[in-house]
Amino acid sequence: MKLRVGYCSRYVLVAVAALLCNFAFAQRTLTGKITDKATGEGLIGANILVVGTGSGTITDFDGSYTLEVPAGSTEIEFSYTGYTTQRITLGSETTLDIQLAAGQLLDEVVVTGYGSQKAREVTSSIVTIKNENFNRGNVNSPAQLLQGKVAGLSITRPGGDVNSNFTIRLRGLSTLGANTSPLVVIDGIIGGSLNTVDPNDIESMTVLKDASAASIYGTRGASGAILITTKKGAAGKTTVDYNSYVSSDTRLRDVPMMTAGEWRTLGAGLGTNKLGWRDNGSETNWLDQVTRNAISQVHNVSVGGGTKNGGYRASVNYRDLQNIQVNTGLKSLNARLNLFQNALNGKLRLATNLALTNGRRQFSPGEVLKFGLLYNPTAPVLSSNPADARWGGYFEEDLFDYNNPVSIANQNVSEGDYSEVQISFQADYDLFKGFTLSALYAQQRDQNNTGFYSNRTSRAGGGFGNQGNGNVNYSKQNTHQATFTGTYAKDLGKLDLKVTGGYEYQYQGNEGFGFSNNRFLTDVTGYNNIGSGLGLPLGLAGGGSGKSDFENVAVFGRLNLNFDDTYFMMASVRREGNSRFGEGNKYAVFPGISAGADLTKAFGLSFVDNLKFRLAYGVAGNLPPQSNLSQELVGPGGRFFYNGQFVPSYGPQSNPNPNLKWERTADFTVGFDFAALNYKLNGSLEYFNRNTQDLLFNAPVPVPPNLVPNTLVNVGELESSGIELALNFPVLKKDKFSYDVNLATTYYTTFKLISLSNEDFDLGKERFLANVGSPGLNNNNMIYVADGQPLGQIYGPVYRGVAENGTWQFEDLNGDGKYCDCPDDQKVIGSGLPDIELGFGNNLRIGKFDVNLFFRGVFGHDLVNSYRIFYEPVNTMTWNRVNSKYFNPKLTDGAKFSSHQVENASFLKLDNATIGYNFDMPSGAAVRSVNLYVSGQNLFVLTGYTGSDPEVRFQDSEQGGSGAILSPGIDRRNTPFMQRNLTLGIRVGL
Amino acid sequence: MKKYMIKALFVGLFVIAFNQSCSDLDENVYSSVKTDDFFKNNDEFIAALGAAYTNLYGFLNHGNYLSTQEVSSDEIMIPQRGGDWFDGGQWLRAHRHEYNPNDDCVTNSWNFLFGGVNTCNRLIFTFEKLIGEGKVDASLARPFIAELKVLRGLWYFWLLDSFGNVPIVDRFDVPADFKPATKTRAEVYAFVEKELNDNVPLLTKDKNLATYARVNYWAGKAIQAKLYLNAGVYTGTPQWDKAIAAADEIINSNNYALEGNYFANFNANNAASKENIFVIPYDQVFAGGFNMPQMTLHYGSQATFNLTDQPWNGYCTLQEFYESYENTDLRKGVSGNQQIRGNFHAGPQFDDDGRTPINDDSADDPGGKPLVFTPEINAHFPNCFRQAGARVGKFEFPLGATPNLNTDFPIFRYSDILLTKAEGLWRKSAGDAAALALVNQIRARAGVAPFTALTSDNFLAERGREMFYEGWRRQDQIRFGAWAKTWAFKPASEKCKEIWPIPRAQINANANLKQNPCY
């Protein structure tokens, strides 16, 4: 599908022209005070706006204001968050006191997919978090803004690596083989990349939690949706904002390893067989060598403004983020321009958004942090032995899986550039009264280049063995989207009706190219002249490329009913087709329906201000993770010897599955929304039950008759359910002092795999996953998955102690008199998934000080501490030992996995604490506002876990595909460490 | 006017949009070829045939079929060296014949063997279909089909030998819910015998570059010889005459001869070997997978051969096996001298200069720093010394070797055919002079004194010395009745452990499969 770009670009010109028009007015002065109607207290920071102009101001600390009113202006608008907005037609008065009533909360506009609703009308599970309630301080990804804020939404990133993504899970798990993260929609752009939005540019984020709401996104709504609305220019005078912070990250909660002294004491206690223990004669704190006090800085400048008929906002963000691991971090520059213009008396509304992002990432080039923990504390960093020139002068030993971490960090490089462009044009036109047509065209282009090089003298990374080892990879993704919607709203007396219909087309293309080489003459060119190595002509290196795409088309419709602001209903349906599916299964239909009633109005209740009961049911889908899975394809395999030379062989690439179809997640939600105490206390309580059928699962299949032992099939059923509670309560609101709290908590009652079988595929009742790994612990799984049982079961032998001779003692579970390394003597010994997640925010205002304390806790999950499995027994002392409270010098047996290394990882931490000071700016001063703040992350962490970060591991980082998703709860050796962050920031408004 | 234009524009866009909603959503394929677009010429046809052979490259992967064969015999073990190589106990169990249906090595072997069977089935089906459709010249395709059926016979010979009772899947166009049932070992034997009898005669008798690393008539005869040699084990009825006949046919063709130097068959460049009948043509560039140095050598041995990748310090031979070679046996090698080829690397190890001792930096062995491969092995687990055990040196490790050796791995070798004939004769008549002469021919090349008589013990031992690490030891021990006996780190085992368990995942997936006895 091709759109005429000329038609779109004309709108841009119109919109840009609008920026150039600013009007000046003669002025007079209006003063007054804004108070709460119920309490009579002054409202601080209420907005006063001269309608139709750019002029406006806010109230001061006792609710007073002074406003310059341009001549000819007739209307003033008074608004305050949570209160009903008032418009007053101006006479000749010079003072105007206003009383605002609470309750506007229910009239706030909530963004839903392809439209919006008033809060009071919402009957499905939708949560909006606005700018002022976002997490603050050191925030570098939009996901962080929401962390802990929304019940049912888990956002995790174990450790603090700025280059790793957050794992986002909504209401547990709803898929095994497809996308587990909610769909991200940025200003209507479906599947937008979070990299293209800077947290500074976000106005609000709306989470569509249940399928009745997310089913409007059909195929990709099964894991919910997060709708991001970026900031727009507001009518009023031009504002300039500058936000900046510097921050410092330090290591927190090191895995406790032995110091050189402890290591020597341990060695002295060993008998004649030192088990590989050695004293290299030096003292080195390896972690200090490969980590640093990381200093980051972030700058954001934005300019915004507009008139009644148009507005603009331009924003530039620069981030220079250091990781605590030396030589790693991220620098990015992001620019965003949002324009809108109204025409034809407001009947035609045009908007365009443009976002550009460039970034450069320096990745960890190897297992720097792992060996930073494990390297012998008595080894020196550099070697004086002339023979070690072959290692670039670094101290190295010829041991398996043992490399000098400083050498890895300094003699290897892994980095990449990315650039993303996102552009959209939107037009809304009121065709006749109540009927609006909208068109959106959007394009997103992502490019990623990465390069890796390992020096000829680097023992790790393949540099030494291959005389230099490098690779480069390029990939790009191109997405087009065209959306057309029509909305008709009609007021039929007591019944308000709104109908939305639409069509959407999306195309996504992916291409990639990669090249590796080795045998380089010099390290100087690194990966930048990848053809110069001799590995390619010698046949020791090679390259490859690939390309795929998909098309997605959908038609959808939605009906909203509101009867007398008391009874509400929403029904939607989306029929969607995608080229990734098999013939005959291309299209599927996703319905959603929800209804609610305001019980206060229906039954005349008076003990609460509002009590809405709602029920919702919907079905959403999920796409297969890649293209071409339904096809029978032939591709190159190995080479084979034919007539004296090697020729390519071609064979099947996967088992074709022509029946591949949509995964379907059905979600049922029942809940209450309530407001009491003059709308001050408000919140919601809901129960959800989510059931996914036809799971996309890369299933092991019998080799006869299949071609390869795995096929992506639709099989099985998954269920999760839980209770979510969200509360906001202003405990105290006084002139100089206020305190309010908010709480978001989730109690998961079910995370269950109902089955992994259907009529066509019987995948057996059980499977074992998550290999412990090398050295020595392959063929040793930690996770047990079985039909009808909870997900996330950690499985293994039960630790009973250490025998006199230093060997492990495990429980003989089958009672045959001896322990055997087999499933008969193993059982479930932990759960990788949490029971309860909690976010608890405290906002205090004391005079001009703002204090925010945000606590986050997760309870009931266990973690397998991988470092302890391998490096705790006094055996194979190649590596340093983990010296936690579990260390037992009597244990001299080989490493084995058991319940001994499964630890309760429940935690409560002070996720964020911020103290800000608002400087008092004189009215009319050039500077509108100045806010100075200090912020800290992870100031305290309460947990019994002895590893570094007790955060839930929703996925196993050492597996791919469904194996990773089915294996939560494993703290692998490659996880970055927990960090403590201190930030000093300033916000200036002009 | 303007207003109407805008209205018209919007309405027009909607019309375009809703027309699109009827898209058939055909999927584009860029980086692969749809099956319908393939088989357009003979080159593509041959490339498809290649898939049947590339399956063989997995033969030598660690944890696959050959590993499982070797570790369960008395010529190889992977001891648990402290924290290394426990791997859930699978290698300890394999050596003790206590296989577990969950063990990866069992599952991998099954998947490897049936993967080979299935590729043959698929190609036979495809080629027959193409002949039927007139898309390929039948005279080109028919010999390929016969070749594929014999190759499938080889895969089934291995299945018969290792798993015994397996389903017979000889076609590709099976229904979606196809769940083949277990057949008895005798039925599988009969299937293999018939397939070979029907198809080997159709294969080319040429022995040249065009048939190198391909299943020709002589490779087919070698499969038959080995099948009949073990017929007594598989069915209870020995077929010594048939084994002798198949071997004789190969011998009398004069296509093959013993190399003067045993190691000519195992050098990096062994394509010219007069002795190798059928090989897997491993290649550093084109056909990877032969990573013997990694599997067997010590971490520090990287410097001995300037290997690109560090070895894993796993596979070693048992002391008794090592010592079953006389010191003058040319096949044994010389302890402490890695410049002289031998089946083993033993004794002190040196840098690539052959003089500078290699340090074992962990120095946890009683011998201390210098790296010395001791033939004696202190323990099977948990703390076998890291330097314990003589290592596999049979295949050439050239300086600068990558994890992909160039050596073509012999599946069938002429000396094995000579020993097969000898065994057939000897089984029929213990005093057979021709049998003794054949065995002594092998011994003469190894530089050791001739036997004066053949016994069960010295015959098995000689086969062991000659065929070390070629994947026959388990089969030989079973045939000679030595399998259940006690040897180092292995207690006496039940006879039913002669065949492996059917993998648990397979039984879970196919209710028609029957687990082998005593698992």
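Biologist: Which residues of α10(B) meet α14(B)?
Modeller: In α10(B), B:Trp240, B:Ala243, B:Ile244, B:Ala247, B:Asp248, B:Ile250 and B:Ile251 meet B:Ile417, B:Thr420, B:Lys421, B:Gly424, B:Leu425, B:Arg427 and B:Lys428 of α14(B); contact requires C-beta atoms, placed from the backbone, within 7 Å. This is a predicted model, where local features need pLDDT of at least 70, side-chain atom pairs count only at pLDDT 80 or more, and totals for chains, interfaces and linings use all residues. Residues are numbered from 1 along each chain as its sequence is written, while chains are lettered from A and ligands numbered from 1 in the order in which they are written.

Biologist: Switching to the A–B contact: how many residues does each chain give?
Modeller: Chain A gives 86 residues and chain B 91 residues. On the chain A side, β30(A) contributes the most, with nine residues. That side has 40 nonpolar, 30 polar and 16 charged residues.

Biologist: Which strand of chain B does β30(A) pair with?
Modeller: β30(A) pairs with β1 (residues 33-34) of chain B in the antiparallel sense, over two bridges; pairing needs at least two DSSP bridges, and strands are DSSP runs (E, at least two residues), whereas helices are H or I, at least four. A:Val634 stands opposite B:Val33.

Definitions and conventions:
Contact = placed C-beta atoms within 7 Å. Nonpolar A, V, L, I, M, F, W, Y, C, P; charged D, E, K, R; others polar.
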